[in-house]
Amino acid sequence: MKRNVELVVLSDVHLGTYGSHAKELVNYLQSVKPQTLVLNGDIIDIWQFRKRYFPKSHLQVIKKIISLAAKGTEVFYITGNHDEKLRKFSPVNLGNISIVDKLVLNLDGRKAWIFHGDVFDASIQHTKWIAKLGGWGYDFLIVFNRFINWWLAKLGKPKYSLSKKIKNSVKKAVSFVSNFEETAAQLAIENDFDYVICGHIHQPQIRKVFYKEKDCIYLNSGDWIEHLTALEYDNGVWSLMEYEKQNVPVTADDDSVNTEIDPVALLASIKMFS
């Protein structure tokens, strides 16, 4: 039975990379029926896209999103840094699917400001080649980590996250996350927003931030590489969906929409616009 949800926010799926948990995302999307779906950046990893690796499960995510839109869900695709080439086309509307760089939604009389968040990342703004190199390294680290966790599972031991260990041991990384959240929240407060919703840093979060005797709720949808999380809003309440804790049922694909779109050919054409 599908859950009816007013709003679902996803980010940092990184389709086209080895670390993406596309199968789990398809299961999750088949378990909910959102009125609005916000894809908050880095859904398709155009930075690392290559024709030789774009498996069926990754195509199924795209198919499921198109199916939801065809069945009435309003879909907003917000561009991120890994899919920044889509910014050449934004804003554009394709039926129930809109490609935008940022979004403002009215949620029960309260304003939500939604954007990916790479605008705050100096490494991307000024040394993009380093950021891209880091993306390749992160992808390798995730694949290697999966191998380690496979052995740990065989031994009956809990999973271990190499990237979390590295991030937590590097003070600059911890400081960056804190500064990112504070900066986003302060800008939201100064512009009279009640919620600010980001992705980019792969750190799921819901917390209230105070600034100049005002406050707002900072939210981050996390990612589908390590955390497998999404934000849900329903009946005036925000919640953080954690896939591994939800016991999401694996269901058969019930999509009845037949699409002529070839996502791989589409991405290849997008790559030509440099």
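1. A contact here means heavy atoms within 4.5 Å. Not counting residues up to four places away in sequence, V61 touches L15, A22, L25 and V26. V61 sits in helix α2, where helices (H or I, at least four residues) and strands (E, at least two) are DSSP runs numbered from the N terminus. With 0% relative accessibility, V61 counts as buried; buried means under 20% relative accessible area, exposed over 50%, and partly exposed in between (1.4 Å probe, protein chains only). V61 and K23 are 38 residues apart along the chain, and their C-alpha atoms are separated by 7.9 Å.

2. This is a predicted model, in which local features need pLDDT of at least 70, side-chain atom pairs count only at pLDDT 80 or more, and totals for chains, interfaces and linings use all residues. Residues are numbered from 1 along each chain as its sequence is written, and side-chain values use heavy atoms, with hydrogens and water left out.

3. On confidence: pLDDT is the predictor's confidence in each residue, from 0 to 100. The protein chain has a mean pLDDT of 81, and 70% of its residues reach 70 or more. Over residues 122-134 pLDDT stays under 50, and the model has 14 contacts beyond four places in sequence for them. Where pLDDT is low, the predicted coordinates should not be read in detail.

4. On the chain as a whole: the protein chain holds eight helices and twelve strands. Of its 274 residues, 50% count as buried. Taking contacts between residues at least 6 apart in sequence, 70% join residues at least 24 apart.

5. How do helices α1 and α2 pack? Helix α1 (residues 22-31) and helix α2 (residues 56-70) meet at an angle of about 20°, and their axes are 8 Å apart. Axes are lines fitted to C-alpha atoms, for helices over the stretch in contact, and angles run from 0 to 180 degrees between N-to-C directions. The angle makes α1 roughly parallel to α2 (under 35 degrees counts as roughly parallel, over 145 as roughly antiparallel, 65 to 115 as roughly perpendicular and the rest as oblique).

6. On the residues between these two helices: α1 contributes A22, K23, L25, V26, L29 and Q30 to the contact, and α2 contributes S57, H58, Q60, V61, K64, I65 and L68. By class, the contact has seven nonpolar, four polar and two charged residues. Ala, Val, Leu, Ile, Met, Phe, Trp, Tyr, Cys and Pro count as nonpolar, Asp, Glu, Lys and Arg as charged, and the others, Gly among them, as polar.

7. On backbone geometry: most residues other than glycine have a negative phi, and most peptide bonds are trans. The bond from S90 to P91 is cis, with omega near -10°, and P91 lies in the loop between β3 (74-78) and β4 (92-94). D192, in the loop between α6 (171-190) and β8 (195-198), has a positive phi near 60°. L228 is not a glycine either, yet its phi is positive, about 55°. L228 belongs to the loop between β10 (214-220) and β11 and is buried, with a relative accessible area of 2%.

8. Is G236 buried or partly exposed? G236 counts as partly exposed, at 40% relative accessibility. G236 is in the loop between β11 and β12 (237-242). Not counting residues up to four places away in sequence, G236 touches E6 and D108. G236 and E6 are 230 residues apart in sequence and 9.3 Å apart in space, C-alpha to C-alpha.
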